[in-house]
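Please look over the sequence and the structure shown below before reading on.

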Amino acid sequence: MIIAQKKILKVPKDIDVNKKYYIMVDASAENIAKLDIPKFEEGLAIQPSTKFGITSRKNVDGYYVVEKSLPKEERFIRTIYWEWQLYNGDWQSDYKDIYKECYPKTYYEPFGIEMFLRKNKTGKEIIVTESSNDIDIRNIINLYLEVFGYCEILDENLNSLLTDIKYIRRNWEILPPDVKIEIKRTRAHKKEESERKRKDYDQVRLDTLEEYNPIERNIGKNGFQGYYAYVFGKICVLESPVYGNATYIVDREGWEKSSMETKRELIGNKKFLKRIEHDSKWFNEIKKLF
């Protein structure tokens with residue numbers, strides 16, 4: 001199971017919280033750099049820096065929860081120094097404590113989640129955390145999402161939870177980024193894009209392509225946040241689940257070479273059969289394609 005979004009609010013239904021799982025990402029140079037270490041060192045345990053966000057801060061420093069269901073209580077806020085002038089011209093000064101009616105707060109201990117540098121059974125270098133009954137697995141997942149932007153969930157045998165879907169990892173980046181290409185957009189499309197709240201990872205597009213039974217599924221060097229290549233009978237679909245990109249349809253023959261080009265090169269050389277934007281028409285366009 002691959003999760004690639006900003007945050008999860010609840011544990012995915014496929015996960016049994018009473019079982020053991022491993023949350024992991026590849027120990028790529030980019031991911032190693034995010035942990036502020038120079039290189040992979042097997043067995044090393046690391047707590048990510050608090051610079052990444054609220055989950056990282058809770059993991060190291062703990063946190064407070066405001067108990068709004070309880071009555072307010074008088075709480076010391078700060079001490080101020082002030083001075084005033086008397087009628088005779090003399091000055092006096094004093095310190096005054098400031099109190100305010102506030103809801104009580106409860107302090108919770110840090111999660112204490114550590115990320116371990118390991119090698120899996122095939123010798124691949126990974127960054128991994130084992131779930132436990134002491135820590136909510138949701139917090140582990142959210143920490144990985146905050147630091148890396150994605151994570152993979154493995155069972156106790158270090159097998160992916162989606163064992164029936166295999167991705168071939170390619171050693172190149174599929175449709176590598178280039179200078180932004182200006183595409184003429186309709187006013188309606190601009191409005192739809194501006195009103196859309198989530199512009200991050202959208203799993204439903206990948207699930208839709210799965211319904212058409214691809215012969216082969218490929219993922220590039222840039223991992224699960226980049227483009228995927230779904231190979232079918234006569235075509236290959238280059239799809240990014242990140243909203244705001246577009247879907248490119250290329251000929252199955254020679255799709256590898258086409259996928260190594262940037263979008264600018266692909267469009268300039270007219271090496272794609274069709275381009276489908278991520279808008280409300282996307283699903284109908286895919287349906288017509290097949």
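## From the whole chain to its loops

The chain has 8 helices and 16 strands, and the model in which they are seen is a predicted one. Of its 290 residues, 37% count as buried. Among the contacts between residues at least 6 apart in sequence, 65% join residues that are at least 24 apart.

One part to examine is an open sheet of 6 strands, which has antiparallel pairing and the strand order 1-10-2-9-8-3. At its edges are strand 1 (2-3) and strand 3 (45-46), each of which pairs on one side only. Helix 3, made of residues 137-148, packs on this sheet and touches strand 1, strand 2 (22-26), strand 8, strand 9 and strand 10 (151-154). The direction of helix 3 makes about 10 degrees with that of strand 2. Strands of a sheet pair through backbone hydrogen bonds, and the pairing can be either parallel or antiparallel. Within the sheet, strand 8 (residues 115-119) and strand 9 (residues 125-130) pair in the antiparallel sense over 4 bridges, and Arg118 stands opposite Ile126 in strand 9.

Helix 3 also packs against helix 2 (residues 54-61), at an angle of about 125 degrees and with the two axes 8 Å apart. How do the two helices therefore lie to each other? An angle from 65 to 115 degrees would count as roughly perpendicular and one over 145 as roughly antiparallel, so helix 2 and helix 3, at about 125 degrees, are oblique to each other. Helix 2 passes helix 3 in a left-handed crossing. On the side of helix 2 the contact is made by Ile54, Thr55, Ser56 and Asn59, while helix 3 contributes Asn139, Asn142, Leu143, Glu146 and Val147. Sorted by class, the residues of this contact are 3 nonpolar, 5 polar and 1 charged.

| Residue | Phi |
|---|---|
| Asp36 | near 60 degrees |
| Lys270 | near 55 degrees |

Asp36 lies in the loop between helix 1 (29-34) and strand 3, whereas Lys270 lies in the loop between helix 7 (263-268) and strand 16 (274-277). Is Asp36 buried or exposed? Asp36 has a relative accessible area of 51%, and is therefore exposed. Lys270 counts as exposed because its relative accessibility is 72%.

Technical notes:
Residues are numbered from 1 along each chain as its sequence is written. This is a predicted model: local features need pLDDT of at least 70, side-chain atom pairs count only at pLDDT 80 or more; totals for chains, interfaces and linings use all residues. Side-chain values use heavy atoms; hydrogens and water are left out. Two strands pair if DSSP finds at least two bridges between them. Contact means heavy atoms within 4.5 Å. Axes are lines fitted to C-alpha atoms, for helices over the stretch in contact, and angles run from 0 to 180 degrees between N-to-C directions. Angles under 35 degrees count as roughly parallel, over 145 as roughly antiparallel, 65 to 115 as roughly perpendicular and the rest as oblique. A crossing is left-handed if the near helix is turned anticlockwise from the far one by less than a right angle, and right-handed if clockwise. Ala, Val, Leu, Ile, Met, Phe, Trp, Tyr, Cys and Pro count as nonpolar, Asp, Glu, Lys and Arg as charged, and the others, Gly among them, as polar. Buried means under 20% relative accessible area, exposed over 50%, partly exposed in between (1.4 Å probe, protein chains only).
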